[in-house]
Amino acid sequence: MAKKEERSDGGLVQGALDMLVLKTLTRGAMHGYGIAQFIHQISDDVLRVEEGSLYPALHRMEVDGIVASEWGQSENNRRAKFYRLTPLGRKQLARKSDKWNRLSSAIARVMLSGAGPWPAQ
Amino acid sequence: MIFWNRFRAKLKALVRRRQLDRDLAEELQFHLDMRTQAGTPEARRQFGNVTAIKEACRDRWILTSLELWLQDARYSARTLRLNPAFAATAIAVLALGIGVNATVFTLVNAVIFKNQPFAESDKVLYITSTEPARGGDYPGFSYPDFLGYRAQSKAFESLAAFELNGANYSDREGFAEHYRALLISANGFASIGQTPIIGRDFLPSDEAPGAAAVVIVSCRVWDARYGHSPAVVGKTVRINGAPTVIIGVMGPEMRFPGDIDIWRPLVPTPDFANRGNRFLTLFGKLADGESLSSAQAEFSTIAWRLAREYPQSNKGFGAVVRSFNQFAVRDKIHSMFLAMLGAVAFVLLIACANAANLMLGRAVGRAREISIRVAIGAGRWRVIRQLLMESVMLASAAGALGWFIAIAGARMFARAIENTGPPPWLSFSVDYRVFAYVCALSMASGILFGLAPAMRLSRLDVNAALKDGGRSAGTGLRGSLLSGFLVTVEMALAVVLLASAGVMIRGFLATAAQPIGVDTRGIAVVDVGLPSSRYAAPREQAAFFGSLRKQAAALPGARAATLASSAPGMGSMNYLYQLEGAKPVEQRDIPRVDGIVVGGQYFDVLRTGILRGRDFTEADGGVPTVIVNQLCAAKLWPGENPLGERLRLGHSTRGQAVDLAAQPWLTVVGVAPNILQAGAGMEPLIYRYYRQEPQWSMVTMVSAAVPAETLGNGMRRALQSVDAEVPAARVDTLDGWIDQNRWPLRVFGTLFATFAAIALALASIGLYAVMAQTVTRRRHEIGLRLAVGAGKSGILRLVFAKGLRQLAIGLAIGLPFAYALSRVLPRLIDIPAQDIAGILLGAAIALSAAGILGCIVPALRAIRVDPAITLRHE
């Protein structure tokens with residue numbers, strides 16, 4: 001698992017992953033597989049969350065108190081670890097989605113700012 | 001918020017490590033199974049490296065710093081366990097160092113820090129007066145001054161006063177006893193917040209002039225005389241012959257201010273009104289918001305005011321406010337204990353240097369291990385930290401041992417001074433302060449002795465160490481320089497300590513073993529104090545002691561008996577004198593001389609004889625005579641024959657003025673040899689005859705033809721036959737009594753000798769360890785030399801030269817410091833500085849002997865090296 005500093009995107013993707021997971025959990029408690037499936041389906045197969053990123057993120061969020069976990073029965077009656085959002089998690093979600101919105105609209109503004117490269121040639 | 005969550009979660013994970021791992025495995029397995037179920041055969045491959053994912057997840061739960069510490073700790077423990085010899089030696093050496101330090105700290109703690117065993121006793125301060133122009137002892141306050149201070153002072157909740165006394169106590173329940181009594185103002189106990197456990201406290205009416213005599217007794221008296229019976233309140237006893245009613249009993253811990261048996265109210269008598277009578281010590285509990293310095297400032301101001309209002313009596317007098325420890329323990333003792341603290345600090349430093357050297361010696365073996373660790377990525381700091389942890393572990397184990405050494409040491413010390421009458425508030429208990437001290441000391445010494453080896457080891461040339469298997473690591477110039485430096489430091493410290501100990505011991509010997517000038521063997525003594533009520537008249541006092549002396553002389557086995565106000569070596573009184581024909585002088589400038597009051601045949605009993613003239617006899621009862629000793633004769637009538645000369649003597653009691661003109665002229669009838677009475681040396685002394693100056697307390701001395709101890713009972717019976725109601729304060733032999741007075745020599749002398757011995761042993765071990773390492777390291781070279789033809793003596797010279805060189809450098813550095821210290825110490829401790837050169841020489845020789853001893857075994861081992869074996873092992 002590469003350290004955050006070494007990713008070229010500067011942690012952008014990790015931040016987005018957290019946000020996606022938290023948003024997913026607003027639908028209710030889910031186990032890790034369920035979260036990955038949900039994101040994959042809802043994004044029309046575009047976003048595929050790797051287990052190598054998902055589980056460390058889930059555990060990190062659990063240690064930080066953003067999500068809480070509980071062992072329960074899965075759909076097919078197997079023992080699985082379910083994650084749910086905590087109040088702190090909801091606050092984090094709001095903050096992260098806020099930041100993300102601002103970021104993406106800023107990017108959109110730049111991209112929609114007229115034809116041609118900049119500075120003008 | 002997140003920080004706390006993290007901390008809590010990681011702490012929990014610390015405890016439930018295995019459960020965590022199981023859950024993680026199960027969680028990932030679930031995901032994997034679901035994936036497989038969903039179809040794709042490469043499910044597992046796509047899943048990725050399960051182990052890596054597990055690691056990543058587990059990492060989130062780890063308290064990294066704690067993990068690292070635990071890891072280091074386990075590693076250190078294992079390393080030490082695998083090297084029991086080294087560990088045991090290091091622990092032993094350090095335990096000695098920490099142990100003696102803890103012991104001395106316990107003593108210092110008891111003497112200098114601890115306070116009296118009642119609530120808020122640290123807020124109770126004691127005030128005495130002082131005459132800065134004259135210096136010396138602190139006199140007390142007069143009664144009017146006390147009232148003045150009490151009215152004007154706001155620093156204390158309530159100001160009280162006491163005077164130390166002695167009292168003869170008798171009732172029907174037991175033998176007459178002489179108790180330590182305190183005259184205390186009625187608000188005394190209230191001001192320190194103490195009340196009797198049965199009965200009542202003093203009331204202001206108890207200290208009104210003419211009030212009925214009352215007394216509060218201590219728990220000890222209550223137990224000893226009255227068997228804890230509650231009926232004691234209201235009982236009438238006789239104190240100094242006067243009927244007194246017991247009104248209360250104080251609690252078990254209460255001996256205020258120190259070893260007091262009974263307390264009586266401070267009832268003013270007419271002579272109290274005199275402002276020149278200074279006999280009261282003031283005390284009180286600080287009011288809220290006040291401190292020692294604010295109280296001192298206030299009292300100095302009041303003193304100045306009083307000096308202005310009453311210049312006759314109070315001019316030049318000030319007030320000194322002190323805490324209990326400052327008040328009760330003389331400065332000299334303070335310095336003594338601090339000197340001990342310094343000495344053991346040296347011992348600890350030597351022990352640390354020793355341990356550091358031992359650690360360095362292991363560098364040879366550890367070079368490989370450390371270079372591997374560094375090679376795979378351990379930071380230098382991590383290595384240092386782990387090595388320090390080893391040394392701290394060793395030091396902690398040593399600290400635990402040292403704790404027990406302290407307990408044993410404190411007990412031994414307490415037993416040693418048991419019979420010398422230490423104050424009861426002195427309890428050498430090993431309490432939490434000592435515990436904290438031991439912990440701090442262990443920590444500090446662990447880091448201290450571990451630091452140098454750790455820094456040295458962590459800076460290894462990794463390449464070189466790995467290449468040749470670590471054989472040459474630690475042998476670098478740097479390594480042996482450090483090692484040599486440590487040994488040199490050890491030697492220097494040791495010689496300073498030895499010299500200081502020598503100075504202390506010599507000083508004690510000089511003061512305590514002062515030749516008294518008398519053969520004190522074979523003399524039995526009984527010390528008696530008369531109750532002032534029944535022996536108020538001086539004539540009666542003289543008659544009593546006259547009879548006692550006669551009875552004592554008549555004892556079977558007694559050769560002769562005499563009296564003395566103080567036995568030889570036990571102190572003296574002070575007289576103002578005026579020689580015949582001398583000019584009259586101001587009150588304050590009247591010359592003084594020490595003296596004692598003796599009975600007839602005094603110099604006969606002491607077997608010194610009289611040098612000129614004659615001894616006192618019964619005939620001197622009516623004639624005003626005096627005997628002087630040689631020093632006195634030389635001082636008062638230099639170069640002349642003192643026999644027949646006349647002088648006048650007077651006492652100043654309680655600071656009162658004395659009118660010498662009213663005293664009779666005394667004629668010198670004899671010159672006696674110099675006998676030590678008080679102080680650190682012989683002084684001029686005057687001897688008066690007891691019938692001319694009767695005393696209420698005298699020692700009866702009997703020169704015995706039989707062993708002196710056997711006369712004890714006879715003396716008691718003689719006393720009883722003269723007056724059954726008078727108790728003997730002491731029955732002993734003169735030898736035994738004087739010996740007991742010399743306890744500082746025995747106790748402190750032994751202590752310092754012990755420290756010196758430990759330092760020698762440590763220095764010897766230190767040199768031995770270093771030499772042994774050297775020999776081991778250079779075995780190869782030695783084998784080579786032997787093979788090439790060097791004789792055994794050559795090898796011996798090689799080893800000894802190295803060792804002695806370090807010894808010499810150590811001495812060279814240490815001796816100047818030792819010299820400086822031995823000039824300063826005696827002044828601090830107030831003991832004579834004698835023979836410093838001899839002491840330094842002795843210290844150097846002792847250390848050299850210890851050093852040579854340390855070199856012998858390694859040297860012998862060196863010459864037994866078999867070149868064939870060592871060369872083959874290349």
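Before you click, residues are numbered from 1 along each chain as its sequence is written, chains are lettered from A and ligands numbered from 1 in the order in which they are written. Because the model is predicted, local features need pLDDT of at least 70 and side-chain atom pairs count only at pLDDT 80 or more, while totals for chains, interfaces and linings use all residues.

**Stop 1: chain B as a whole**

Select chain B and switch to cartoon. Of the 874 residues in chain B, 42% are buried. A residue is buried if 20 or more other C-beta atoms lie within 10 Å of its own, exposed if 12 or fewer, and partly exposed in between, with C-beta atoms placed from the backbone. Contacts here mean C-beta atoms, placed from the backbone, within 7 Å. Among contacts in chain B between residues at least 6 apart in sequence, 84% join residues at least 24 apart.

**Stop 2: the cores of chain B**

Now select Val347(B), Leu497(B), Leu498(B), Phe755(B) and Ala759(B). These have the most contacts inside the largest nonpolar core, which has 110 residues. (A nonpolar core is a set of buried Ala, Val, Leu, Ile, Met, Phe, Trp, Tyr and Cys residues joined through C-beta atoms within 7 Å.) Why does this core lie between domain 2 and domain 4 of chain B? Both domain 2 (66–115 + 331–474) and domain 4 (488–513 + 742–874) give residues to it, so it lies between them; the domain bounds come from an automatic or database domain assignment.

Zoom in on Val347(B). Leaving aside neighbours within four places in sequence, Val347(B) is in contact with Gly97(B), Val100(B), Leu497(B), Phe755(B), Ile758(B) and Ala759(B). Apart from this core lies another, of 67 residues; to find it, pick Val518(B), Tyr575(B), Val626(B) and Ile738(B), which are among its members.

**Stop 3**

Select residues 143–152 of chain B, which make up helix H7. Which residues of H7(B) are buried? They are Tyr143(B), Asp145(B), Phe146(B), Gly148(B) and Tyr149(B). The buried residues of H7(B) pack against strand S2 (156–170), strand S9 (281–286) and helix H10 (292–309) of chain B.

Stay with S2(B) and colour its partners; two strands pair if DSSP finds at least two bridges between them.

- S9(B) pairs with S2(B) in the antiparallel sense over 5 bridges, and Leu286(B) in S9(B) is the bridge partner of Phe156(B).
- Strand S3 (177–184) of chain B is antiparallel to S2(B), with 8 bridges; Tyr169(B) stands opposite Glu177(B) in S3(B).
- Strand S6 (236–239) of chain B also pairs with S2(B) in the antiparallel sense, over 2 bridges, and Tyr169(B) stands opposite Ile239(B) in S6(B).

**Stop 4: two spots in chain B**

Go to His228(B), in the loop between helix H9 (219–226) and S6 of chain B. His228(B) has phi near 65°, a positive value in a residue other than glycine. For background, most residues other than glycine have a negative phi. His228(B) is exposed, with 10 other C-beta atoms within 10 Å.

Next, pick Val320(B) in strand S10 (318–322) of chain B. Val320(B) has 17 C-beta neighbours inside 10 Å, so it counts as partly exposed.

**Stop 5**

Switch to chain A. Here 3 strands form an open antiparallel sheet in the order S1-S3-S2. Strands S1 (30–31) and S2 (67–73) of chain A stand at the edges, each with a single partner strand, so one side of each is left without a neighbour in the sheet. S1(A) pairs with strand S3 (79–85) of chain A over 2 bridges, where Met30(A) stands opposite Tyr83(A). Helix H3 (51–64) of chain A packs on the sheet, touching S2 and S3 of chain A, and its direction makes about 115° with that of S2(A). (Axes are lines fitted to C-alpha atoms, for helices over the stretch in contact, and angles run from 0 to 180 degrees between N-to-C directions.)

**Stop 6: where A meets B**

Last, show both chains. The contact takes 19 residues from chain A and 21 residues from chain B. On the side of chain A, the elements giving two or more residues are helix H2 (32–42), H3 and S3. H3(A) supplies the largest share, 8 residues.

Note on methods. Core = buried A, V, L, I, M, F, W, Y, C linked by C-beta atoms within 7 Å. Contact = placed C-beta atoms within 7 Å. Helix = DSSP H or I, 4+ residues; strand = E, 2+ residues; numbered from the N terminus.
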